[in-house]
Amino acid sequence: LGLVRSVLGVAEAGNWPGAAKANAEWFPTRERALAQGIFNSGAAIGGIVSIPMIAFMTIFFSWQMVFILVGLIGLLWLIPWLVLVKAPPKSHPWLTDEERAYILTGQQSTEAEEDTGEDEDVPTTAGLLSHKQSWGVIIASAAIDPIWWLFVFWIPIYLNEVYGMDVKSIGIYGWVPYVGAMLGAWFGGLLAQNRMKAGWNVNKTRKFTISLGCLIMLPALLAMANPGAPVIAVLIMAVILFGFQTAIGNVQTLPADLFSGKTVGTLAGISGMAAKLG
């Protein structure tokens with residue numbers, strides 16, 4: 001099971017760097033954090049739906065069949081993706097000239113690039129890693145992202161070991177933290193968009209939103225040491241994941257803010273690797 005899970009991890013690992021690259025291609029700078037937040041909320045919505053759904057499915061199916069059914073459902077997203085995303089904005093046949101100009105003009109000469117004073121085109125990995133901004137993104141991902149994986153992996157086991165819940169009881173409680181994650185993903189994106197519309201530059205907006213998300217998480221993480229009743233425990237987890245998603249959506253847009261072209265996907269992939277190592 002561990003070997004197969006590793007293969008699944010290798011296969012799915014292209015999703016987030018690919019999403020960061022698509023976000024960079026398809027959205028103006030001021031909309032990227034909201035777009036990333038909506039994208040990230042998909043993972044949270046999946047948690048909200050799948051935990052009670054899988055608990056319900058275990059009544060009728062073996063755990064092996066549950067794996068197969070969930071895997072098949074996960075392939076359905078390919079159909080609209082292949083139909084809708086035919087080409088990047090520069091050559092996509094469905095865009096009007098006004099839409100294309102809105103997207104592409106909003107990506108030019110972002111404030112973050114001006115603040116760094118760096119050349120935005122860094123074609124090699126070695127060149128990418130020579131920039132201090134790249135290491136800022138990598139370290140931020142390594143420091144913050146493991147919080148998500150901690151809860152994704154351990155929520156069901158925690159509820160089982162601490163509160164003695166079976167699969168059906170976990171289905172009743174386990175989805176609550178993901179509601180916080182979904183709301184945090186939207187909040188972080190909307191807050192960033194609001195601040196940029198108010199005249200803040202990209203650099204200030206990203207740092208403020210990331211810091212706010214971390215400040216929300218900290219007291220809630222400390223409160224998890226002794227949460228008391230299971231309802232309180234899952235509500236505290238919801239606050240933690242709210243703060244996490246507020247921060248991480250803006251961390252994940254940084255590669256697109258700082259660089260362009262293939263470099264965006266490269267930096268997103270390296271920072272994702274750092275996150276998983278963390």
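Predicted model: local features only at pLDDT ≥ 70, side-chain atom pairs only at ≥ 80, totals over all residues.
In which helix is Thr 263 found? Thr 263 is found in helix α15, where helices (H or I, at least four residues) and strands (E, at least two) are DSSP runs, numbered from the N terminus. Residues are numbered from 1 along each chain as its sequence is written, and side-chain values use heavy atoms, with hydrogens and water left out.

**The nonpolar core**

- The largest nonpolar core has 38 residues. Such a core is a set of buried Ala, Val, Leu, Ile, Met, Phe, Trp, Tyr and Cys residues joined through side-chain atoms within 4.5 Å.
- Buried here means under 20% relative accessible area, exposed means over 50%, and partly exposed is in between (1.4 Å probe, protein chains only).
- Inside that core, the residues with the most contacts are Ile 144, Phe 151, Ile 240 and Phe 244.
- Two or more core residues come from each of α3 (29-60), α9 (132-144), α10, α12 (176-197), α13, α14 (230-258) and α15 (262-277).
- Helix α14 hands over the largest share of the core, 11 residues.
- As background, nonpolar side chains tend to be buried together in soluble globular proteins.
- Ile 144 touches Ile 210, Cys 214, Met 217, Phe 244, Ile 248 and Val 251, leaving out residues up to four places away in sequence; contact means heavy atoms within 4.5 Å.

- Look for Cys 214 in helix α13 (residues 202-223).
- Cys 214 has a relative accessible area of 29%, so it counts as partly exposed.
- Setting aside neighbours within four places in sequence, Cys 214 is in contact with Ile 144 and Ala 247.
- Cys 214 and Gly 243 sit 29 residues apart in sequence, and their C-alpha atoms are 6.1 Å apart in space.

**Aromatic rings**

- You'll find 9 aromatic pairs in the structure. Rings of Phe, Tyr and Trp (its six-membered ring) pair if their centres lie within 6.5 Å; planes under 30 degrees apart count as stacked, over 60 as edge-to-face and the rest as tilted.
- Trp 77 and Trp 81 make an edge-to-face pair, because their ring centres are 6.0 Å apart and their planes stand at 65°.
- Trp 77 is partly exposed at 45% relative accessibility, and Trp 81 is partly exposed too, at 40%.
- Trp 149 and Phe 153 form a tilted pair, 5.9 Å centre to centre with 35° between the planes.
- About one helical turn separates Trp 149 from Phe 153, because they are 4 residues apart in helix α10 (residues 146-163).
- Trp 149 is partly exposed with a relative accessible area of 22%, while Phe 153 is partly exposed with 45%.
- Trp 148, Tyr 178 and Phe 244 are linked into a cluster by ring pairs.

**Charges over Trp 200**

- The charged end of Arg 195 sits over the ring of Trp 200, 5.0 Å from its centre. To count, NZ of Lys or CZ of Arg must be within 6 Å of the ring centre and within 35 degrees of the ring normal.
- The charged end of Lys 204 sits over the ring of Trp 200 as well, at 4.3 Å from its centre.

**Helix α3**

- The 32 residues of α3 should span 46 Å at 1.5 Å a residue, and the end C-alpha atoms are 47 Å apart, which agrees. The expected span is 1.5 Å times one less than the number of residues in the helix.
- Helix α3 bends by about 30° at Ser 50, with a proline, Pro 52, following within four residues. The bend at a residue is the angle between axes fitted to the seven residues ending there and the seven starting there.

- Gly 249 is found in helix α14 and is buried, with a relative accessible area of 5%.
- Gly 249 and Gly 37 are 212 residues apart in sequence, yet 5.3 Å apart in space, C-alpha to C-alpha.
- Gly 249 touches Gln 36 and Asn 40, not counting residues up to four places away in sequence.
- Gly 9 lies in helix α1 (residues 2-12) and counts as partly exposed at 23% relative accessibility.
- Thr 263 counts as buried at 5% relative accessibility, and its C-alpha atom is separated by 9.9 Å from that of Gly 127, 136 residues apart along the chain.
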